[in-house]
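Please look over the sequence and the model shown here.

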Amino acid sequence: MALVNAIGSQVAAGSSLQNAVVRLAQYRANTPRDTAGLCECSGGNGHCTGCAALPVYQIKERVPGQEGEEGRRGDVPTNQLFSGADGRPGEANIIVTSKTGKKRSYRSRFQLELVDFDVEDENEDGIFEPGEHIFIRRIRVKNTGGMPSPKKETRLEIDPSERLQPINTHESQAFVPQVLPGQIITLTGSIKVLIREPDMPILGGEPYRESTLIKLKAIMPGLNRRLDYFGYQKSIDIEYPLELREIDYLDSVAQGSEHRITMKVHNKSNKPFGGEAESPRLLEVKLWIPSETGSLLLPNDKWGPETAIKPGAMEGNASVKLTQVSKISHLAKDHTYAEIRIGLHITPPGPVPSNRKKTPNGDAVQTFDLRIQVSSAHVYNDEAAILVVTNARTPSDQFEAIGNFIRNDLNLKMDVWNISLYGGLVRQTQDNEEDEEIPNDILNEYRGKTIIFLGNQFEHFGVKAQTILDLCESRVIANECFAGTSCLLLGSTAEKQQRETWLKDAVFPITHKVSGLKRMVAESSTFDNTATFITSICEQKTAGTSVPRAYILENNPKWYHGSARIAVKLRAKQTRRHLRSKLPQERFWVCPILPRIEGPRPHNGYVAIWHGLPARGNIFAAESKPLVRERRKQTRLHNFDSFNIISALSPLLRIQLLCSSDRNQEHSEESLKDKDEGTPSVDSDDPASYSQETLNGVQYSLEEDVCNEIKNYLTEVPLINNIEIGAKTSGIQFRVHFRCLETIMQQVQACEGTPVRALEVLKTAIAATNPQKKRQVARECTIPFGQRREQLKSYLMKRVETLLRDKGYGPDRLKAFRASIMHSRLSSAQRNTARRIEARNVEFTGVYTEEYRKGRKTTLDLVPKTVICTAAEWDSRYQEIEKAQHKLKRSVTRAFEKRARMSTLKLDSSKLAGSSKTKLVDKAGPSSSSKR
């Protein structure tokens with residue numbers, strides 16, 4: 001500070017500015033300072049703009065740019081370019097000097113080319129047969145060169161191949177002499193070649209036929225070199241002169257029956273074969289069948305496993321028809337296959353020995369393996385609850401598994417009708433059959449029972465790719481199902497459209513065209529109003545006399561309708577609405593017939609109604625799952641297939657099975673102790689022979705049926721209920737709408753005690769009458785009166801409790817019964833009973849939910865309720881059914897004709913004693929007390 005004051009005084013005294021700066025610099029240089037952060041100008045290490053420049057090093061890389069487009073490769077020349085001119089042709093001379101010294105000059109060498117040749121067989125019958133020699137004759141060779149070929153002959157040979165073999169003699173060669181330039185010569189010699197025999201046995205049924213090429217090779221003399229330009233070749237077909245054709249036989253034959261096998265032996269050659277001709281050859285058709293399966297008729301009228309047919313002499317280009325009779329053993333297993341081999345044997349070609357005897361070859365020149373199904377003949381059994389309809393291609397293991405399940409697990413008896421054995425579902429009328437009470441339709445004999453159709457494809461009397469849908473008339477199925485028969489189409493391989501059309505036709509099997517309804521419908525089937533018509537249908541359902549047929553509702557147009565056409569359409573819509581509301585379990589086809597003013601029969605129009613199958617139409621199609629094969633266990637059906645078979649049984653038979661099982665459970669446990677092996681007989685009525693899995697299947701199927709029945713009844717419900725179910729109707733309306741549930745309740749009431757599983761079915765039915773969805777719960781709360789659901793629940797609950805009181809239930813047990821009903825309005829898992837039953841059945845059958853839903857196609861899925869159709873749709877349905885019926889008649893006629901020609905099986909009317917001496921009535925199955 002003192003220094004600054006001193007500098008200031010010097011400046012004030014006149015000192016110069018320079019002196020002041022020098023003094024200040026000297027002071028700072030002698031004073032230590034903190035140079036951190038200062039630049040070089042101030043004595044630090046930093047840098048500022050006034051300091052000296054410091055080098056800065058940075059590495060920068062320039063990104064290369066994209067390549068440019070390719071340039072033009074060159075301009076097109078403006079002047080036309082031409083190839084250069086040829087130069088002068090060169091010349092070459094070939095000079096040949098003879099032994100005498102004479103020289104000859106040629107412009108080109110010789111060149112031999114094969115032009116053509118002919119091929120002839122050894123016996124001149126026009127057939128190139130294995131084991132036969134062929135001759136290559138009239139060989140034409142041309143010299144296309146400029147000089148003669150060598151005087152020494154050129155050797156010609158066959159080029160060996162897989163089918164042709166040269167012989168080791170001089171006959172296998174031909175020689176070409178000297179050929180002048182441009183000359184074509186025909187050789188006088190020939191080349192003999194052997195056709196090789198087939199290395200492998202000829203199997204498969206098709207005649208032996210092979211094509212091969214004949215090639216010749218020319219060997220240059222002296223040099224032993226193969227000449228070029230000898231590439232001409234010819235193709236020949238190697239085959240045998242005889243062929244088996246038109247082998248005809250039955251695809252299915254009965255045990256113990258005789259049947260014929262017909263065939264034709266055709267001579268394709270132009271010469272006679274066999275006999276005492278110049279070169280006689282023998283022909284034999286040998287047949288073989290396993291002795292355990294059957295036998296063949298021998299020439300000495302005896303039976304044996306092998307035989308041979310000798311047709312004798314055959315003219316050229318002619319055929320001989322042969323017939324062989326075979327017999328199937330009585331002990332042959334049912335629905336197995338008999339293997340019959342047919343072989344064509346002929347003597348080899350060639351010269352005849354001195355003794356003029358030649359034996360046919362051991363290997364056949366053509367073979368057929370016939371696969372004929374062995375089936376048991378149908379015998380009607382009145383105690384049989386199930387009829388299984390099979391065919392010629394029914395797998396034996398599937399048939400055996402179905403039989404084991406029905407006989408062993410269900411303890412039922414079954415009959416079998418092989419549609420390939422009898423030609424159709426119609427019994428062939430015999431000439432000596434006079435009993436008119438024997439039904440001509442086999443399905444009529446099993447009315448009220450269960451019929452299982454196997455839906456695999458098979459060949460039916462010459463028509464390939466047939467299924468049971470092609471041979472079963474929808475009208476017949478509809479009539480039988482209407483009468484109480486249950487039908488199951490198991491494992492249908494038909495197309496989806498054909499299967500659905502068949503099911504729809506079974507629901508509405510129209511028998512008249514629209515134009516003939518007025519004439520064909522009786523006056524008793526014509527009604528003035530819908531209410532009278534509905535009352536008539538209810539009376540028929542109660543009496544059990546309803547059948548699928550047509551009805552007519554007259555049209556009474558009013559002035560406010562505007563016209564008769566509008567009145568008919570309105571009448572049809574009103575009729576459909578009333579039928580859906582009053583008869584929800586029935587299905588009708590409602591067709592408005594418009595008025596006709598002109599024509600021979602004018603009318604004001606009317607509504608045609610066809611009464612179809614009920615909602616539970618007793619007919620459905622199901623997929624077939626693979627059989628379950630377990631080690632050291634018997635092959636059995638998949639749970640899905642067995643459940644479908646159980647579902648196809650009538651409700652009466654199923655509930656009888658449950659009631660009898662629960663009623664005698666204690667007695668069955670005691671009887672099991674008295675048996676040696678602890679297993680009851682499968683043919684007895686001992687309920688302990690039913691496994692828990694079988695009983696579960698029966699119970700679950702009944703629960704599903706009653707759920708569907710209640711669900712369909714409550715589907716389209718009006719705001720105010722219009723069906724009275726209760727004491728006022730004495731349960732008549734309940735029997736009309738709930739055939740399955742009514743059958744269950746009657747059987748529970750009639751049996752002794754209280755069957756536990758049957759009560760579980762009734763609990764499920766009561767649970768299904770409760771609200772199943774949220775909107776139904778809301779509707780029950782907002783409109784607590786006039787509800788069809790509540791009325792049904794009240795009636796069903798009252799009737800079940802009355803039934804239980806009659807069986808000794810007290811208030812406490814009834815209270816426990818009500819509490820055990822599984823349903824909850826609040827829980828979604830317990831609210832929808834049908835969904836809960838479906839989930840339980842899906843787990844039981846071992847399939848996925850989608851498989852369970854789509855693998856079972858019922859008529860209710862295709863036609864869920866009463867519908868309106870047009871007159872064109874009505875006539876179209878009639879024409880489709882008529883067309884299928886005519887096609888079926890032609891098929892049955894063709895089958896009967898062939899069966900009468902090929903088989904000796906006759907229908908024995910004495911075996912039908914169970915049905916020929918008594919009148920057939922509607923039956924729902926065997927009673928629980930009789931042996932099933």
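The report below goes through a sheet, a hairpin, the nonpolar cores and one glutamate.

This is a predicted model, in which local features need pLDDT of at least 70 and side-chain atom pairs count only at pLDDT 80 or more, while totals for chains, interfaces and linings use all residues. Residues are numbered from 1 along each chain as its sequence is written, and side-chain values use heavy atoms, leaving out hydrogens and water.

**The sheet.** An open sheet is formed by 6 strands in the order β24-β23-β25-β28-β33-β34, with mixed pairing. Strands are DSSP runs of E with at least two residues, helices are runs of H or I with at least four, and both are numbered from the N terminus. Two strands pair if DSSP finds at least two bridges between them. At the edges are β24 (414-418) and β34 (856-858), each of which pairs on one side only. On average, neighbouring strands of the sheet are turned by 20° against each other, direction ignored. Helix α10 (residues 639-648) lies across β25, β28, β33 (619-622) and β34, and runs at about 160° to β28. Such angles run from 0 to 180 degrees between N-to-C directions, with axes fitted to C-alpha atoms, for helices over the stretch in contact. Contact means heavy atoms within 4.5 Å.

Isoleucine 451 has cysteine 487 in β28 as its bridge partner.

**The hairpin.** Histidine 460 stands opposite valine 463 in β27. The hairpin of β26 and β27 has 2 residues between the strands, and phenylalanine 461 takes a positive phi near 50° there.

**The cores.** A nonpolar core is a set of buried Ala, Val, Leu, Ile, Met, Phe, Trp, Tyr and Cys residues joined through side-chain atoms within 4.5 Å. Buried means under 20% relative accessible area with a 1.4 Å probe, protein chains only. The largest core has 68 residues, and those with the most contacts inside it are Ile386, Ile406, Phe734, Leu741 and Ile744. Helix α16 (residues 756-768) supplies the largest share of this core, 8 residues. Apart from this core lies another, of 66 residues, including Val141 and Phe273.

Leaving aside neighbours within four places in sequence, isoleucine 406 is in contact with Ile386, Val388, Asn411, Leu412, Met414 and Ile452.

**A buried glutamate.** Glutamate 704 lies in helix α13 (residues 692-713) and is buried, with a relative accessible area of 12%. Not counting residues up to four places away in sequence, glutamate 704 touches Phe643, Ile837, Asn841, Tyr852 and Arg856.

Methods: Buried < 20%, exposed > 50% of the residue type's maximum accessible area, 1.4 Å probe, protein only.
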